[in-house]
Structures are given as structure tokens and as C-alpha cells.
Amino acid sequence: MAKDILGEAGLHFDELNKLRVLDPEVTQQTKELKEECKDFVDKIGQFQKIVGGLIELVDQLAKEAENEKMKLLITSGPFSLLNL
């Protein structure tokens, strides 16, 4: 009966019989959500590292392609540009 009255007032007892403002179910859901958020943030961090490595690789390949293009232009001579 006392628990019902306290429950109506928004007060609850936890498993250690400590008085709490939040419902134990809400507290458990909050803990689960916090853990899921932590996992999500960790996965996003891993994703950012992978994408960062991929971007660096693509930039490096683009620079190498540009260098090869410049070498070809230099060795072909100015008149070869007219045939491109």
C-alpha cells in the first residue's frame, strides 16, 4: 500500500530498497540505451578510420595518375595534344 502511494507520487524502490525518482524499468531501459549508444559511437569511430584510410588511398592514386599524365605530356611533345 505504501509502495502504491509512493508510486503514484513518482517515487519507487529499487532492488536494494533505496528510494528512487525513476521507475526501475525506465532506469533499466536508460542503461540499455546508454550501452547501445556507446556501441554505436565505437562503430562510427571505426567507420571513420576506414573511410579516412580509403580517402588517403584515393588521393594518393589521383596524385600518381596526375604525375603519369604529366610525364606523358612532357615526353609526347606539344603537337601530341592536338590529337587528344
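How exposed is K38, in relative accessible area? K38 comes out partly exposed, at 47%. Here buried means under 20% relative accessible area, exposed means over 50%, and partly exposed lies in between, with a 1.4 Å probe and protein chains only.

First, the ground rules. This is a predicted model, in which local features need pLDDT of at least 70 and side-chain atom pairs count only at pLDDT 80 or more, while totals for chains, interfaces and linings use all residues. Residues are numbered from 1 along each chain as its sequence is written, and side-chain values use heavy atoms, with hydrogens and water left out.

On confidence: the mean pLDDT of the protein chain is 84, and 77% of its residues reach 70 or more. pLDDT is the predictor's confidence in each residue, from 0 to 100.

Now the layout. The chain has 2 helices and 2 strands, and from the N terminus the order is α-β-β-α. Helices (H or I, at least four residues) and strands (E, at least two) are DSSP runs, numbered from the N terminus. Of the 84 residues, 2% count as buried. The accessible surface is about 7,900 Å², and carbon and sulfur atoms account for 63% of that. Those areas come from the Shrake-Rupley method with a 1.4 Å probe; for residues, only the protein chains shown count as cover.

Back to K38. K38 makes a salt bridge with D42, with the closest N and O atoms 3.3 Å apart. A salt bridge here is a side-chain nitrogen of Lys or Arg within 4 Å of a carboxyl oxygen of Asp or Glu. The two residues are separated by about one helical turn, because they are 4 residues apart in helix α2. D42 is also partly exposed, at 39%.

The structure holds 2 salt bridges. K71 pairs with E68 at 3.5 Å between the closest N and O atoms. Both lie in helix α2, 3 residues apart, about one turn of the helix. K71 is partly exposed at 48%, and E68 is partly exposed at 49%.

Next, surface patches. Patches are made of residues with over 30% relative accessible area and no salt bridge; like charges are joined within 9 Å, and nonpolar side chains (Val, Leu, Ile, Met, Phe, Trp, Tyr) within 5 Å. E32, E35, E36 and D39 gather in a negatively charged patch. Lys and Arg count as positive, Asp and Glu as negative, and His and the chain ends are not counted. A charge is placed at NZ of Lys, CZ of Arg, CG of Asp or CD of Glu. D39 sits in helix α2 and is partly exposed, at 36% relative accessibility.

The nonpolar patch consists of L54, L57, V58 and L61, with about 370 Å² of accessible area together. L54 lies in helix α2, residues 24–76.
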